[in-house]
Amino acid sequence: NITLVLGHEDREVASVRMEKMAEGFGSLAANFDPKVNVVTLADGTESRELVPDESKVDHEQAEFEGETINCTGVGGEASFCYTVTEDVILMSNSKNLMEESLSSKMDARLSLEGNASFEKSFDELSKVTDEMTFVNFEMLTSNLQANPQLQFILPLTENLDSAAWVKHYFEDGVSVEGVVLFD
């Protein structure tokens, strides 16, 4: 399971973009659970083709702590959930993670405001950027410890504090610069 938190400056614009992403996910997900469509060709031959089954795409809306959680899924398995709050977009593949992220007990962990590792990482990087990414290894390590299949990664992350990188897009390419902070 994964949850992504992104800041935004305009709730209406963010909501429209997220609706389009959910529609795109539904269209893509329908391809993974296709139906057989029988087509009769001009010469009378019957042909069968696999086509996306839009009827298997589920859309669900739920209210949680004053916010609307929107989930799009196929057959209850693949899901794309999102909510747009006053200042952030939350995306996840799990409605439960969305509810956890929205709960008041998670607010402090989600905010990077005042996070010393975040501020130190980005002090080292360009201030003008097209895209920024930040990984807090303390939180990642606690999640890895809970997953037996991924515990082999723990020795690689135990001395890491955080990592950050920025991307700059140009007409003829992309440049990336990053920094890793150690404990």
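Biologist: Which residues does Met18 touch?

Modeller: Contact means heavy atoms within 4.5 Å. Leaving out residues up to four places away in sequence, Met18 touches Phe80, Tyr82, Val84, Ile89 and Met91. This is a predicted model: local features need pLDDT of at least 70, side-chain atom pairs count only at pLDDT 80 or more, and totals for chains, interfaces and linings use all residues. Residues are numbered from 1 along each chain as its sequence is written, and side-chain values use heavy atoms, without hydrogens and water.

Biologist: Which residues make up the largest nonpolar core?

Modeller: A nonpolar core is a set of buried Ala, Val, Leu, Ile, Met, Phe, Trp, Tyr and Cys residues joined through side-chain atoms within 4.5 Å. Buried means under 20% relative accessible area, exposed over 50% (1.4 Å probe, protein chains only). Here the eight are Ala14, Met18, Ala22, Phe80, Tyr82, Val84, Ile89 and Met91. At least two come from each of α1 (11-30), β6 (78-84) and β7 (88-92). Helices (H or I, at least four residues) and strands (E, at least two) are DSSP runs, numbered from the N terminus.

Biologist: How do I read a helix face?

Modeller: An α-helix has 3.6 residues a turn, so residues three or four places apart point the same way. In α5 (137-145), Phe137, Thr141 and Leu144 are buried. They fall within an arc of 60 degrees down the axis, so they line one face of the helix; the arc is that of directions from the helix axis to the C-beta atoms.

Biologist: What does the face of α5 turned away from its buried side carry?

Modeller: Exposed Glu138 and Asn143. The buried residues of α5 pack against β8 (131-136), α6 (154-157) and β9 (160-170).
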